[in-house]
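Please open the model in your viewer and keep the selection tool at hand. The tour below goes from one selection to the next and says what is there.

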Amino acid sequence: MADMRPFRDAVTLWASGRGSADPAYELAELLTVRGAVLVEGPSDVSAVEALAAGYGRDLEQEGICVLAMGGAMNVTRFIDRLGPDGLDLQLTGLCDERERGYYARAWARAGLAPDFFVCDVDLEDELIRALGVERVTELIRQEGDFRPLQTFQAQPAQRTRSPHQQLRRFIGTKKGRKIHYGRVLVEALPHERVPEPLRDLIDLI
């Protein structure tokens with residue numbers, strides 16, 4: 001089974017200026033990397049990989065690397081390394097609405113068609129809307145986080161927010177929680193309720 005972690009690490013070091021191109025090129029050839037999905041952070045990686053698995057696909061085995069860039073502002077550097085002037089991989093991506101401009105400018109700068117997909121607000125918002133507040137709350141209960149959720153909802157700052165907004169904030173409040181629930185929520189999605197940006201992304205790659 002392919003393991004994209006060394007390739008991810010090599011590309012991330014190269015993009016940061018702390019590493020050279022050679023390891024990325026060598027690993028791309030060794031692992032037969034043919035494409036990359038550029039996302040903002042590790043919770044997006046978790047969600048995209050879980051979604052692909054739900055469709056019976058192993059992206060790493062297919063030579064597709066889902067790569068967290070450490071924020072959308074880094075997208076130009078990653079496209080420079082992975083796009084036509086670098087490894088020349090097939091590129092796509094997923095971003096939040098507020099980060100659309102970074103992606104659009106980076107794709108245009110590289111002379112590429114804008115083959116990326118935009119979540120309305122962000123990924124967590126898309127998933128909560130697709131599943132519904134009641135189902136997401138039940139999943140949080142099943143994962144053993146219902147009491148922390150209740151404590152969070154009782155905070156004064158949360159009382160004026162809607163249940164949907166409270167859930168979205170709760171998922172992002174603790175380190176590792178976004179990564180965990182990115183996978184949990186995606187795995188609970190019936191195919192017919194997969195949000196359009198995620199469905200279009202899987203259809204393209």
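Begin by selecting Tyr103 and Trp107, which both lie in helix H5 (residues 100-109), four residues apart, or about one turn of the helix; helices here are DSSP runs of H or I with at least four residues, strands are runs of E with at least two, and both are numbered from the N terminus. Before going further, note that this is a predicted model, in which local features need pLDDT of at least 70 and side-chain atom pairs count only at pLDDT 80 or more, while totals for chains, interfaces and linings use all residues. Residues are numbered from 1 along each chain as its sequence is written, and side-chain values use heavy atoms, with hydrogens and water left out.

Are Tyr103 and Trp107 buried or exposed? Tyr103 is buried, with a relative accessible area of 0%, and Trp107 is buried as well, at 1% (buried means under 20% relative accessible area, exposed over 50%, and partly exposed in between, with a 1.4 Å probe and protein chains only).

Now display the rings. Rings of Phe, Tyr and Trp (its six-membered ring) pair if their centres lie within 6.5 Å, and planes under 30 degrees apart count as stacked, over 60 as edge-to-face and the rest as tilted. By this rule there are five aromatic pairs; one of them, formed by Tyr103 and Trp107, is stacked, at 5.6 Å centre to centre and with 15 degrees between the planes.

Next, colour the strands. An open sheet of four strands has the order S2-S1-S3-S4, with parallel pairing (two strands pair if DSSP finds at least two bridges between them). Strand S2 (64-68) and strand S4 (116-119) stand at the edges, each with a single partner strand, so one side of each has no neighbour in the sheet. Five bridges join S2 to strand S1 (residues 35-39), with the two running parallel, and if you select Leu38 you will find Leu67 of S2 opposite.

Finally, select two arginines. The charged end of Arg141 sits over the ring of Phe146, 4.0 Å from its centre, and that of Arg177 sits over the ring of Phe170, 3.9 Å from its centre; a charge sits over a ring if NZ of Lys or CZ of Arg is within 6 Å of the ring centre and within 35 degrees of the ring normal.
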